[in-house]
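Subject: A structure to look through

Dear colleague,

My notes on what was found in it follow directly after it.

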Amino acid sequence: MDEEEPKCWPHDVPPCQWAEMLELLTPETRRRFLKQIAGAGVVFAIGPNVTAWAQTAPGSVKPTAASAPVQTADVRMKINGRDVSVSVDTRTSLLDLLREQLRLTGSKKGCDHGQCGACTVLVNGRRINSCLSLAVVHDGDEITTIEGLANGDELHPVQAAFVEHDGFQCGYCTPGQICSAVACIHEGHTKSDDEIREWMSGNLCRCGAYPNIVDAIREAAGRGA
Ligand code: FES
Ligand code: FES
């Protein structure tokens, strides 16, 4: 096998970006690579950045920003009540910092494009999509994830209400729903079911547990959660 051919596809490149990255390859190398992908031996795991590989392939295009040296920054945050100091690649999203570096995997990656709300966390009490926010901009911030809501073994009232009202099925969206619901209640956007639906509309549930989610939030709000 030609040593310059890619051995695998970078695991962190979503399929929607493949076309863009394939554009970097010459027709000949693209054909070779696609043939390789189709083969049974291809491993979709951590591997060399395909753009970096493309720059060394015969006849490939010029280097891009993707091959620039990694820049890191030291960031300090309070996460779920604990002081955390960490060095991050400046391109790292808050979600990836939480999940990949700090192993706080409660926050979920759904779309990674700010469209589903599965990654919702609280930053200084405000809900944000952590997939859309760079970790470095949160130096000094206070972050609360789903792991930080309960008080020991005692569930947060919103968590308890979700359990009581079956506010989930597969549960994938649930950490984001609950973090968002906590903020929604604190914002005072729970005066009616319509208002709850409107202010929770950034959190999608593919299982369609919406009626039970609204019930849970209404009850938690009524209890002064
Ligand atoms: Fe962040 Fe979907 S993963 S909004
Ligand atoms: Fe499955 Fe919401 S419970 S996506």
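**Residue A221 and its surroundings**

If the neighbours within four places in sequence are set aside, A221 is in contact with I185 and T190, where two residues are in contact if their C-beta atoms, placed from the backbone, lie within 7 Å. A221 lies in helix α8, and helices (H or I, at least four residues) and strands (E, at least two) are DSSP runs numbered from the N terminus. Because A221 has 21 C-beta neighbours inside 10 Å, it counts as buried; a residue is buried if 20 or more other C-beta atoms lie within 10 Å of its own, exposed if 12 or fewer, and partly exposed in between. The C-alpha atoms of A221 and C184 are separated by 9.1 Å, although the two residues are 37 apart along the chain.

Before going further, please keep in mind that this is a predicted model, in which local features need pLDDT of at least 70 and side-chain atom pairs count only at pLDDT 80 or more, while totals for chains, interfaces and linings use all residues. Residues are numbered from 1 along each chain as its sequence is written, and chains are lettered from A and ligands numbered from 1 in the order in which they are written.

**The end of the chain**

A225 is found in the segment after α8, and with 19 C-beta neighbours inside 10 Å it counts as partly exposed. Leaving out neighbours within four places in sequence, the contacts of A225 are P157, V158, I185 and A220.

**Helices α5 and α8**

Two packed helices are described by the angle between their axes and the distance between the axes. Here the axes of α5 (residues 157-164) and α8 (residues 210-222) come within 8 Å and cross at roughly 140°, where axes are lines fitted to C-alpha atoms, for helices over the stretch in contact, and angles run from 0 to 180 degrees between N-to-C directions. That angle makes α5 oblique to α8, since angles under 35 degrees count as roughly parallel, over 145 as roughly antiparallel, 65 to 115 as roughly perpendicular and the rest as oblique. On the side of α5, the residues P157, V158, A161, F162 and E164 meet A216, E219 and A220 in α8. By class, this contact has 6 nonpolar, no polar and 2 charged residues, with Ala, Val, Leu, Ile, Met, Phe, Trp, Tyr, Cys and Pro counted as nonpolar, Asp, Glu, Lys and Arg as charged, and the others, Gly among them, as polar.

**The sheet**

In which order do the 5 strands of the open sheet stand? The order is β2-β1-β5-β3-β4, and the pairing is mixed, two strands being paired if DSSP finds at least two bridges between them. β2 and β4 (126-129) stand at the edges, each with a single partner strand, so one side of each is left without a neighbour in the sheet.

Strand β1 (residues 72-79) and strand β2 (residues 82-89) run antiparallel and are joined by 8 bridges, with A73 opposite V88 in β2. These two strands form a hairpin with 2 residues between them, and N80 in the turn has a positive phi of about 50°. β3 and β4 also run antiparallel, joined by 4 bridges, and V121 stands opposite I128 in β4. Between β3 and β4 there is likewise a hairpin with 2 residues between the strands, where N124 in the turn has a positive phi of about 50°. β3 pairs with strand β5 (residues 142-144) in the antiparallel sense over 2 bridges, and the bridge partner of L122 in β5 is T144. Helix α6 (residues 174-187) packs on the sheet, touching β3 and β4, and its direction makes about 40° with that of β3.

**The loop between α4 and β3**

R103 lies in the loop between α4 (94-101) and β3 (120-123), and it has a positive phi of about 60° although it is not a glycine. With 8 C-beta neighbours inside 10 Å, R103 counts as exposed.

**The protein in outline**

The protein has 8 helices and 5 strands, and buried residues make up 34% of its 225 residues.
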